[in-house]
Amino acid sequence: MSNILEEQISDEKIALSDLYDDVFSDESDVAEPSSLDYLSSQKDRYEIEDEIGHGGAKKIIRVYDTRARRYLAMAIPRSKSGSSDHNSFIHESWLTAQLDHPNIIKIHEVGVNKDHLPFFTMDLKNGHSLEQILKCLANKDAEYIERFPLTKLLDFFIKICDAISYAHSINILHLDLKPANIQIGQYGEVVVCDWGLAKIIGGRKSLNLNRDMLELDLVEDESPLIMGTPGYMAPEQVAGQAPTPLTDVYGLSAILYHLVTLTPTINTEGCTQALEHTAVGKIQAANELADISDGLSSIIMKGLRVDPKERYQSVLALQNDLSKYLQGYVTKAEDPSVIKEALFFYRRNKMICLQACFFVFLIVASTMGFIASLQQSWKSEQEARIQAEESALKRKQALDLYLKEKAQGAEVKNNFADVLLWNYQIYNSKNFTENPETMLLNALKGLEYKLEQNPNDSSSQMRMALTLFILQRYEQVPKFMGSQTELKIIEGALKYAADFQYSKGHKNVPLPVFISVIKGLREFGYSSVATAYRAIAYDIKTRDNFDNYEQVIEEALKLWNDHWENMVFDYNREAQSLRIKGKNFLNLGIYDQFGQIPLLQYIPIQHLDISDTDFEDLHYLAGSQIETLDIRHTKVKDLSPLLKLPELRRIILTQVQFPQEALETLPKTIELNFSK
Amino acid sequence: MSKWNTRYTLIQRAQNSPDNDTWEEFVSSYKKFIFYMLNQMQVPQNLIDDLAQEILLNLWSKLSLYAKEKGKFRSWLTRVIRNSATDSLKKEQRYNKRQENASEVLELLENISESDFEKIIDREWRSYMVEITLDSLESQLSETAIEVFKLSLKQLPTEEIAAQMNITTGSVYTLKNRVKEKFSRRLKQLVRELEF
């Protein structure tokens with residue numbers, strides 16, 4: 001760096017100091033022009049910039065407002081014909097000017113230009129129309145997909161609803177709602193534009209005299225022309241009927257449909273065909289086009305009904321349902337419980353939960369049904385098929401009901417109880433035998449919840465009574481006892497139980513109580529088997545000590561062999577032997593549509609004499625410790641179940657009872673004693 | 001404009017009511033230029049702080065003596081800087097002979113004529129004023145407007161500026177003139193404030 005005192009002067013320095021001199025060479029010290037002078041010097045308020053769009057009857061021009069010093073959009077009619085033709089243009093400007101809402105385009109000035117054409121100015125919006133956005137989304141434009149996820153689009157939609165709801169509140173209908181008429185600003189502002197077809201509807205108290213005068217000026221002769229956009233106009237517009245707020249509900253729903261499916265409601269080539277489809281409501285269901293929940297789909301389709309009476313009856317109703325859908329619906333503080341936790345989990349993972357629950361359940365249920373039908377013998381196979389058909393029908397009905405309820409109210413809480421109860425149907429599920437306690441406790445929670453919502457529901461009360469009965473909480477049952485015929489079955493059993501004194505609150509009542517309960521059921525008759533089956537299934541899965549259980553077995557066998565004559569049931573504990581005799585004795589255990597439970601495994605038994613009965617199915621011996629088996633004069637044909645009895649050493653049978661081949665399948669360790 | 005007519009300039013305030021606030025403002029207004037000059041004159045770094053302080057104090061104490069009729073601000077500024085610097089460098093040389101730089105600068109200062117030195121100060125001060133004017137406008141106008149003006153100062157043709165800034169020649173013309181107008185106004189205002 002050279003010293004400034006001896007260096008050459010740079011050009012830049014000279015330029016700068018020249019500039020200084022330049023400023024001061026001009027001695028006249030002109031006062032800064034005043035802003036008022038500026039304002040009054042502007043003769044033409046608007047400088048035309050460029051055309052930015054046009055509609056049917058008007059074009060939109062970008063103009064610079066020299067007074068307010070900003071850019072605006074100016075609308076002027078396209079045709080230059082006589083002044084009477086501009087009525088609708090001017091009416092549109094007056095009508096739009098009535099609307100004061102953040103989501104509705106603002107009118108700044110309405111006037112007449114030098115060419116004697118009417119014009120109005122409004123906000124100039126940067127951004128896109130919703131139509132352009134939807135087009136880009138439909139073309140899978142990655143940037144748009146990231147910028148406009150479905151939740152964002154639904155937010156836009158809620159704002160559109162706000163605007164229309166407001167307009168309806170001051171009796172103005174839009175009547176040309178479509179994505180092209182919605183502007184989305186760069187920062188997500190939503191503006192409803194083009195109120196060219198808008199109408200005022202009457203029947204409201206006067207706001208002020210000026211508004212009344214405006215309405216008088218806007219009254220038009222009924223036009224026979226169909227006005228609107230095919231695909232978004234409502235059937236009643238196609239039919240030329242007078243529009244109502246429900247016409248806008250249709251238009252909004254058509255926008256929602258397009259938002260969600262990225263396809264217009266009607267996608268035909270010709271206009272005539274589009275109008276025909278509109279008139280009959282030929283619209284593909286939204287959930288067939290897009291991966292959305294049935295709830296959302298039904299909200300959309302409800303707004304698109306041909307008959308206005310079947311639509312949402314106001315924009316607000318549509319908006320409320322959609323908001324509920326968007327937020328889920330759990331608000332009340334609950335007692336801490338599994339249900340509450342499940343509900344909150346569900347709320348956090350709504351979509352995934354619902355879908356997962358459904359599919360897992362459907363898969364499990366159908367797999368179970370399949371396995372169950374394989375396992376049953378040919379006789380019960382027939383029964384199972386009928387049952388399966390019935391339960392499929394019921395399942396479908398329940399599913400339909402569930403979907404309907406879900407769609408109508410989004411009452412997630414109630415539905416959850418239904419799901420719980422449906423998953424844990426104690427009388428209609430194969431799973432019961434496997435894990436009765438879980439099924440019962442879950443059903444109990446579902447029912448408690450149901451009754452909390454609706455304490456007088458007699459069906460829930462009845463199911464509650466039966467659930468508590470099977471859980472052996474006999475003392476709690478009377479609270480839920482009504483006059484239902486299903487409950488007559490357990491009345492006798494409950495009376496017996498009430499005669500005993502025992503400590504409550506255990507999983508199982510003392511054995512004598514349980515025995516007399518089964519006796520009570522047995523005395524009611526064979527129609528109590530379903531309940532008895534579940535009571536015993538629960539008992540054997542939960543009871544710790546099976547001493548004296550032969551008494552339960554005896555009662556059970558009496559019930560399941562209701563035509564048993566000359567009955568003999570002789571159990572000797574010391575000898576560990578059981579002798580059963582009598583005509584029409586068939587079942588050595590309990591069974592139900594979903595399976596059978598062999599009972600002999602629960603008592604110590606080495607010697608079984610079942611000769612001279614109608615006994616047939618050796619599967620009933622499963623799990624037992626039998627060493628000696630007497631099956632003379634029975635109807636046993638299939639010996640294969642005996643292979644699963646490890647302790648079996650001796651079978652007593654008659655010479656003619658089985659073919660030699662059948663006997664040869666038995667292991668050599670088993671001694672065959674032929675006798676008469 | 002009226003704002004400045006009813007307000008005393010910094011110099012007037014320094015003369016009439018020399019308080020602490022005025023001193024602070026005075027220092028912040030001239031310090032930058034004085035430091036710049038001393039640096040450009042290659043005064044040794046260890047002397048600059050003290051010397052600048054001395055010059056500022058000199059200016060301040062002589063403000064009340066100063067009357068507009070006596071001469072131009074810049075000749076006066078020249079004298080104060082030159083005398084203070086010469087004194088300070090002589091003193092430094094007397095106490096510390098090894099300061100070679102100091103004697104070099106002193107030699108240059110003593111050899112340069114009063115009018116030549118004034119020319120340098122004059123030139124530097126004017127470009128300094130232009131620069132602070134541009135700085136103050138830059139914080140208030142769009143980048144494009146300032147850039148167009150700066151390019152026009154470099155005598156670039158309007159078309160070239162338009163191409164470079166990606167705007168119309170009409171816009172360049174309008175912006176150039178409007179910024180120039182604003183610039184002149186702002187420069188005059190600053191001169192009124194800082195020169196006397």
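Before the first pairing, one rule: I call two strands paired if DSSP finds at least two bridges between them. The model is a predicted one.

**Entry 1**

I started with strands β16 (residues 628–630) and β17 (residues 650–653) of chain A. I looked up one partner: A:Asp630 is bridged to A:Ile652 in β17(A).

Next I placed the pair in its sheet. The sheet is open, has six strands and reads β11-β12-β15-β16-β17-β18 in chain A. Its pairing is mixed. From one strand to the next the twist averages 10 degrees.

I then checked a helix against this sheet. Helix α24 (residues 550–560) of chain A lies across β11 and β12 (577–583) of chain A. Its direction is at about 165 degrees to β11(A).

**Entry 2: the five-stranded sheet**

I moved to another open sheet of chain A, with five strands in the order β1-β2-β3-β5-β4. Here the pairing is antiparallel. β1 and β4 (107–112) of chain A are at the edges with a single partner strand each, so one side of each has no neighbour in the sheet. Neighbouring strands are turned by 30 degrees against each other on average, direction ignored.

I followed β4(A) to its partner. β4(A) pairs with strand β5 (residues 118–122) of chain A over five bridges, in the antiparallel sense. A:Gly111 sits opposite A:Phe119 in β5(A). Helix α3 (residues 87–97) of chain A packs on this sheet and touches β2, β3 (70–77), β4 and β5 of chain A. I noted an angle of about 30 degrees between the directions of the helix and β5(A).

**Entry 3: side-chain pairs in chain A**

Side chains of opposite charge can pair when their charged atoms come close. I found 29 salt bridges in the structure, over all chains. One of them joins A:Arg62 and A:Glu49, at 3.8 Å from N to O. The pair links distant parts of the chain, 13 residues apart: A:Arg62 is in strand β2 (residues 58–65) and A:Glu49 in strand β1 (residues 46–54), both of chain A.

I also looked at a loop residue. A:Thr229 is in the loop between α7 (209–218) and α8 (235–238) of chain A. Leaving out residues up to four places away in sequence, A:Thr229 touches A:Asp176 and A:Lys178. With A:Lys178 there is a side-chain polar contact of 2.9 Å.

**Entry 4: chain B against chain A**

How many residues does the contact take from each chain? I noted 32 from chain B and 24 from chain A. The buried area is about 2,600 Å², with 62% of it from carbon and sulfur atoms. B:Arg123, B:Arg126 and B:Lys188 supply 24% of the area that chain B buries against chain A, more than any other three residues.

I then searched for salt bridges across this interface and found two. In A:Asp22 with B:Lys180, the closest N and O atoms are 3.2 Å apart. Several helices of chain B each supply at least two residues of the side touching chain A, among them α7 (114–138) and α10 (169–194). I sorted the residues of that side into 16 nonpolar, five polar and eleven charged.

Notes. Residues are numbered from 1 along each chain as its sequence is written. Chains are lettered from A and ligands numbered from 1 in the order in which they are written. This is a predicted model: local features need pLDDT of at least 70, side-chain atom pairs count only at pLDDT 80 or more; totals for chains, interfaces and linings use all residues. Side-chain values use heavy atoms; hydrogens and water are left out. Helices (H or I, at least four residues) and strands (E, at least two) are DSSP runs, numbered from the N terminus. Axes are lines fitted to C-alpha atoms, for helices over the stretch in contact, and angles run from 0 to 180 degrees between N-to-C directions. Contact means heavy atoms within 4.5 Å. Buried area is the accessible area (1.4 Å probe) that two parts lose on being put together, summed over both. A salt bridge is a side-chain nitrogen of Lys or Arg within 4 Å of a carboxyl oxygen of Asp or Glu. Ala, Val, Leu, Ile, Met, Phe, Trp, Tyr, Cys and Pro count as nonpolar, Asp, Glu, Lys and Arg as charged, and the others, Gly among them, as polar. A polar contact is a pair of N or O atoms within 3.5 Å; within protein, one must be able to donate a hydrogen and the other to accept it, and residues adjacent in sequence count only if both atoms are side-chain atoms.
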